[in-house]
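Let's take a walk through this structure together. Have the sequence and the 3D view ready, and follow along.

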Amino acid sequence: MPGTDANVVTAIDVSDSIGRYEEWLQQTGLVRALVHPAFLRAATAGPRRRIGFAVFIWSSEGKFDLLVPWTVIGSAEDAARVSQALASVTLIDRTHYGGGDMEQDADADPAAMHDRLTDMSEAIAFASLLLTLAPAPRLARILFRPRNCRFRWRRCS
């Protein structure tokens, strides 16, 4: 894998503390962001004109699934390929249990919601591990975690 200007890890939360609609927002937001001209300009603005990119989903109790293994995004075609792959993925099959929509249920006990919160430190630890295992030399590492349609960029040391 060629050198990159940055290696970016994106984590999508699929824990029971969020609902299906929020999962959809995260996935759709990422699919759209990858092909947005501003993202493409940023991804190709550095001296190497490309970034390393990986995406995983996470849930509680250390459950992770790598959706996009390390890949290089250096062109609109690369970004479109990753975007299309993410658009076609089912994040998690919730047909076997009813989890994930408690916060949208008006009759739900608010005290019970606390039991469904997910420790984000597990996702950060997994993302950090992915960043250290990235095959491409990089100038920077970034953890990107969409949540509720708001994007937060965090610089990792």
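How confident is the predictor on average? The chain has a mean pLDDT (the predictor's confidence in each residue, from 0 to 100) of 78, and 69% of the residues score at least 70. This is a predicted model, so local features need pLDDT of at least 70, side-chain atom pairs count only at pLDDT 80 or more, and totals for chains, interfaces and linings use all residues. Residues are numbered from 1 along each chain as its sequence is written, and side-chain values use heavy atoms, with hydrogens and water left out.

Among the elements, helix 3 (residues 76–87) has the highest mean pLDDT, 96, while strand 5 (residues 150–155) has the lowest, 42. Helices (H or I, at least four residues) and strands (E, at least two) are DSSP runs, numbered from the N terminus.

Now look at helix 3 beside helix 1 (residues 20–34): their axes come within 8 Å and cross at roughly 165°. Axes are lines fitted to C-alpha atoms, for helices over the stretch in contact, and angles run from 0 to 180 degrees between N-to-C directions. Angles over 145 degrees count as roughly antiparallel, so that's what helix 1 and helix 3 are. Contact (heavy atoms within 4.5 Å) involves Gln-27, Leu-30, Val-31 and Leu-34 of helix 1, meeting Ala-79, Val-82, Ser-83, Leu-86 and Ala-87 of helix 3.

Arg-81 and Asp-78 form a salt bridge at 3.7 Å, N to O. Because they sit three residues apart in helix 3, about one helical turn separates Arg-81 and Asp-78.

How values were computed:
Angles under 35 degrees count as roughly parallel, over 145 as roughly antiparallel, 65 to 115 as roughly perpendicular and the rest as oblique. A salt bridge is a side-chain nitrogen of Lys or Arg within 4 Å of a carboxyl oxygen of Asp or Glu.
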